[in-house]
Amino acid sequence: MTVMKVAVLGNPVLRRTAVPLKKSELLRESTQRFIDDMIETMRDYDGVGLAAPQVSDSRRIVVMEVAGNPRYPDALSVPLTVLINPVITVTGDTKESNWEGCLSVPDMRGLVTRPNQIRVEAMDRKGGALSFEAKGFFATVVQHEADHLDGVVYIDRMDDMSTLSFCREYQRYWLQADDQDSTED
Ligand code: NI
């Protein structure tokens, strides 16, 4: 497996709308290998998720995993999940604010408010139908990753840019101030 280079803000690939995959394309060996490389890359960077545009591939593929992440020791665990062509429906009225970060916006955090209860429909990596509810932290990660497929990064979702912080300042001035989760893809 290969660790790929993560594109950072300013690279136009992060602003493109990614294209859906057909099942036949998904099942190709080259696509399956690419998904393995995405997982390897996410783990190598200690990310909790990665969308294909972040490794300069403009297709609708997302990988996520939270399991004892050293950068997010308090984060709830999320099993390894691969989403192909995900579609999100908001199922609740409540919203939640979380500190988000992004491998494509290195060394920064910002407070983002998003719906905290969603339904996710997608294909799994074998082309099977996936449908599940996600809440709280998991819902935040899914929405953050799905946004990448539409050329959107978390800073576009911030209501108040004054919370945008370098990680060091986040830890120094904000982390103690509240007990909200911090997530980074
Ligand atoms: Ni991201």
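1. Buried here means under 20% relative accessible area, exposed over 50%, and partly exposed in between (1.4 Å probe, protein chains only). The model is predicted: local features need pLDDT of at least 70, side-chain atom pairs count only at pLDDT 80 or more, and totals for chains, interfaces and linings use all residues. Residues are numbered from 1 along each chain as its sequence is written, and side-chain values use heavy atoms, with hydrogens and water left out.

2. Eleven salt bridges are present in the structure, the term denoting a side-chain nitrogen of Lys or Arg within 4 Å of a carboxyl oxygen of Asp or Glu.

3. Within helix H2 (residues 29-44), Arg33 and Glu29 stand four residues apart, about one turn of the helix. Helices (H or I, at least four residues) and strands (E, at least two) are DSSP runs, numbered from the N terminus. The two side chains form a salt bridge at 3.5 Å, N to O. Glu29 is exposed, at 62% relative accessibility, while Arg33 is partly exposed, at 47%.

4. A further salt bridge joins Arg125 to Asp36 at 3.0 Å, N to O. Arg125 belongs to the loop between strand E6 (117-123) and strand E7 (129-135), whereas Asp36 is in helix H2, so this pair ties together parts that are 89 residues apart in sequence. Asp36 is partly exposed, with 27% relative accessibility.

5. The side chains of Arg59 and Asp57 also pair in a salt bridge, at 2.9 Å, N to O. Arg59 is buried, with a relative accessible area of 15%, and Asp57 is buried at 16%.

6. Finally, a network of salt bridges links Glu100, Arg114, Asp147 and Arg157.
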